[in-house]
Amino acid sequence: MENEVNANTEDTVLQLTDIKKSFGNFEVLKDVNLKVKKGETVVLLGKSGTGKSVILKCIIGLEQQTSGTIQIFGKEFTDLKDDEENVFKRKIGFLFQSGALYDSMTVRQNLEFPVIRQPDYKKEDLTESVEEALNNVGLLDAIDKFPSELSGGMKKRIALARTLMLKPEIILYDEPTTGLDPVTSNEISHLILDMQKKLNVTSLIVTHDIPCTHLVADRIVVLKEGTFTAEGSYEDLAKSEDDFVRGFFEFE
Ligand SMILES: Nc1ncnc2c1ncn2[C@@H]1O[C@H](COP(=O)(O)OP(=O)(O)OP(=O)(O)O)[C@@H](O)[C@H]1O
Ligand SMILES: [Mg+2]
């Protein structure tokens with residue numbers, strides 16, 4: 001029994017406990033609890049402006065929760081020493097809502113950037129890692145292009161390749177397909193699925209894209225009024241008796 005409990009704890013790579021977050025008097029997150037297991041893909045649904053991006057930002061430390069704890073691989077950022085913090089941060093990749101490539105850098109330079117900031121990077125391996133990451137997203141041909149020469153979908157894929165450069169174990173995606181046509185969205189969704197299969201990454205994905213959700217989600221959580229109001233598989237939630245929850249799935 002004790003072993004089972006231990007195995008269970010090791011299995012959880014990301015855990016949010018009793019998270020609250022306010023901006024001034026405005027309480028965005030009231031009571032957020034979530035456990036994500038290694039290799040699991042969790043999709044976070046919720047209406048615009050309800051705190052989905054804020055949850056992701058708290059996880060990577062871009063925002064500080066007002067109260068509650070966030071554990072990644074069983075540790076809180078606040079418990080870490082400076083040198084541990086860097087090693088730890090590398091385990092988490094974040095794909096920003098905007099993609100956020102550096103316009104003045106080529107694709108190659110964009111991908112090299114997070115790596116050359118690491119104190120222990122190996123210069124001789126750099127070209128190979130850049131090419132591998134670009135191959136993973138099917139865009140090796142774009143290596144010497146500037147972001148202005150790329151389409152929206154290509155930028156998202158390059159941003160994903162850049163996230164992969166530090167070989168993260170957890171990837172947080174903020175609306176990876178928003179603003180893209182259905183075909184490109186579908187390509188990105190398949191890429192996310194590939195990452196999970198090839199690299200066994202753990203993913204937390206904020207999206208409004210229901211076909212993407214259907215393809216990638218092992219589990220879905222629905223944010224409403226600062227807390228998760230529903231949780232389950234696609235099939236469960238799509239036939240939920242709660243109109244609010246079912247509303248996300250009635251897109252056709
Ligand atoms: N730094 C900040 N200062 C003040 N308020 C903020 C800040 N960041 C977010 N908010 C507020 O918190 C709320 C949730 O924002 P968030 O960006 O998480 O929404 P979201 O669910 O990601 O929406 P969308 O689907 O439109 O991206 C919004 O009302 C927003 O105005
Ligand atoms: Mg957002």
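Author: A residue counts as near a molecule if its C-beta atom, placed from the backbone, lies within 6 Å of that molecule. The model is predicted, with local features needing pLDDT of at least 70 and side-chain atom pairs counting only at pLDDT 80 or more, while totals for chains, interfaces and linings use all residues. Residues are numbered from 1 along each chain as its sequence is written, and chains are lettered from A and ligands numbered from 1 in the order in which they are written.

Reader: Which helix gives the most to the shell around ligand 1?

Author: The residues around ligand 1 are Phe 23, Val 28, Gly 46, Ser 48, Gly 49, Thr 50, Gly 51, Lys 52, Ser 53 and Val 54. With 3 residues in this shell, the largest contribution comes from the helix (a DSSP run of H or I, at least four residues) spanning residues 52-60, namely α2.

Reader: Are α6 and α7 roughly parallel or roughly antiparallel to each other?

Author: Helix α6 (residues 152-164) and helix α7 (residues 182-199) have axes that come within 10 Å and cross at roughly 10 degrees. Gly 153, Lys 156, Arg 157 and Leu 160 in α6 meet Thr 184, Ile 188 and Leu 191 in α7. Because angles under 35 degrees count as such, the two helices are therefore roughly parallel.

Reader: Which element gives the largest share of the side of domain 1 that touches domain 2?

Author: The domain assignment of the chain gives domain 1 (12-91 + 168-252) and domain 2 (99-167), whose C-alpha centres lie 24 Å apart. In contact (C-beta atoms, placed from the backbone, within 7 Å) are 9 residues of domain 1 and 9 residues of domain 2. On the domain 1 side, the largest share, 3 residues, comes from α7.

Methods: Axes are lines fitted to C-alpha atoms, for helices over the stretch in contact, and angles run from 0 to 180 degrees between N-to-C directions. Angles under 35 degrees count as roughly parallel, over 145 as roughly antiparallel, 65 to 115 as roughly perpendicular and the rest as oblique. Two residues are in contact if their C-beta atoms, placed from the backbone, lie within 7 Å. Domain bounds come from an automatic or database domain assignment.
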